[in-house]
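Hi,

Here's the structure I said I'd pass along. Have a look at it first, and then read on for what turned up when I went through it.

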Amino acid sequence: MKRRRFWLSLGLHGLLTPLALLWLAPLWLMLVFSTLPEHEIFRVPTPLLPGGEFLENLASLQADTNFFRALANSLLVSLLYTLGGLLLSALAGYALAVYRFRLQGLVFSLIVATLTIPYFVVLIPQYILVARELKLTNTYWGVVLPFLANALGVFYMRQVFLSLPTSLLDAGRVDGASEGRIFFQIALPMVTPSLAALALILFLNAWNDYLWPLLVLSQKEMYTAPVALGTLIGLTRVSWGGIMVGSVLMTAPFLVLFLLLQRYFVAGITAGAVKE
């Protein structure tokens, strides 16, 4: 049996290793292209080893876009969106999982139904609301506010809170704890891995968002990193070296972070899979 498992594991690894290398190939090429002069990027055969032009491409990127300012803008927007989205998703998910009220099923169904609406359907009305009615163009809140109520986050946190043993919440009520204290001091600490997984999803969603910041932000000093990279694509010239450097700076830290924390991410994703 052990020998059979060994050969099965060996065959499975032999099958998955080429697929993993195929998935990593674009990331490796992005890193290689960020270190090459632009005329070398399209050379045939495709270069597979890094060059020595990374700092030159970085300096050109910074001169064209003020990219470090754009990275700071992206970081601030992503943090605001993540913290606000986590709080609202946790509160709404907790209310839908723990409390019983009239039309609860209808409310939850409407929230889930919004996931089926294509984003482009609501894009124009959303822009009119933010730009004309709320006058939030060229502000961080204009980028963040429309997405704080995240239907996927509410659905996910509801499933997570449904898996909590209600006896612990009832014990807190018996001891005289308020509902707010039960939520913040009992319920939330028990779902920390799930909150971490949702935080990573929300952060990356905001970090990589391009279309909405492009519409809301028109001042260059307010650009987020994806929008700043988009300005490198012109009618007559495309700064491929700068785009590759910017992509590396946006991708590498979170790729390393995910590899280090993937165990906790998987634990958080599967935490609400089974209701106790």
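**What's in the model**

Let me start in a loop: Asn 138 sits in the one between H6 and H7. Its phi is near 60°, a positive value in a residue other than glycine. Asn 138 counts as buried because its relative accessibility is 18%, and the cut-off for buried is under 20%. Do keep in mind throughout that this is a predicted model.

You'll find Pro 45 in the loop between helix H2 (38–41) and helix H3 (54–65).

**The overall picture**

Stepping back, the protein chain has 14 helices and zero strands. Its C-alpha atoms fill a box of roughly 70 × 70 × 30 Å along the principal axes. Of the 276 residues in the chain, 35% are buried.

**Pockets**

The largest pocket has a volume of about 920 Å³. Its lining is made of 33 residues, and those nearest the centre are Tyr 119, Pro 146, Phe 147, Ala 149 and Asn 150. Which helices supply at least two residues each of that lining? They are helix H4 (67–98), helix H6 (119–133), helix H7 (140–144), helix H8 (151–162) and helix H11 (192–208). H11 has the largest share, with six residues. By residue type, the lining splits into 25 nonpolar, seven polar and one charged.

The second largest pocket holds about 490 Å³ of space. It is lined by 22 residues, with Trp 207, Asn 208, Ser 247, Met 250 and Thr 251 nearest its centre. H1, H11, helix H13 (225–230) and helix H14 (240–270) each bring at least two residues to this lining, and H14 gives the most, with 10. The breakdown here is 17 nonpolar, five polar and no charged. Note that H11 turns up in the linings of both pockets.

**Salt bridges**

How many salt bridges does a search of the whole structure find? Four. As a reminder, side chains of opposite charge can pair when their charged atoms come close.

Asp 170 pairs with Arg 173, the closest N and O atoms being 3.0 Å apart. Those two residues are three apart in helix H9 (residues 166–174), so about one helical turn separates them. Arg 173 also meets Glu 179, at 2.8 Å from N to O. As for how open these residues are, Asp 170 is partly exposed at 38% relative accessibility, Arg 173 is partly exposed at 29%, and Glu 179 is partly exposed at 33%.

Another of the salt bridges joins the side chains of Arg 43 and Glu 40, at 2.7 Å from N to O. Arg 43 has 36% relative accessibility and counts as partly exposed. Glu 40, at 23%, is partly exposed as well.

To place it, Leu 19 lies in helix H1 (residues 2–33). H1 also supplies at least two residues of the second pocket's lining.

Last one: Ala 113 and Ala 151 are 38 residues apart in sequence, and their C-alpha atoms are 8.8 Å apart in space. Ala 113 is found in helix H5 (residues 104–113), where it is partly exposed with a relative accessible area of 35%.

Cheers

Note on methods. Residues numbered from 1 in each chain as written. Predicted model: local features only at pLDDT ≥ 70, side-chain atom pairs only at ≥ 80, totals over all residues. Heavy atoms only, no water. Helix = DSSP H or I, 4+ residues; strand = E, 2+ residues; numbered from the N terminus. 1 Å grid on protein atoms, 1.4 Å probe; cavity = no way out; pocket = protein on both sides within 12 Å on 5 of 7 lines; lining within 4 Å. Points joined across faces, edges and corners; volume = space filled by probe spheres on them. Nonpolar A, V, L, I, M, F, W, Y, C, P; charged D, E, K, R; others polar. Buried < 20%, exposed > 50% of the residue type's maximum accessible area, 1.4 Å probe, protein only.
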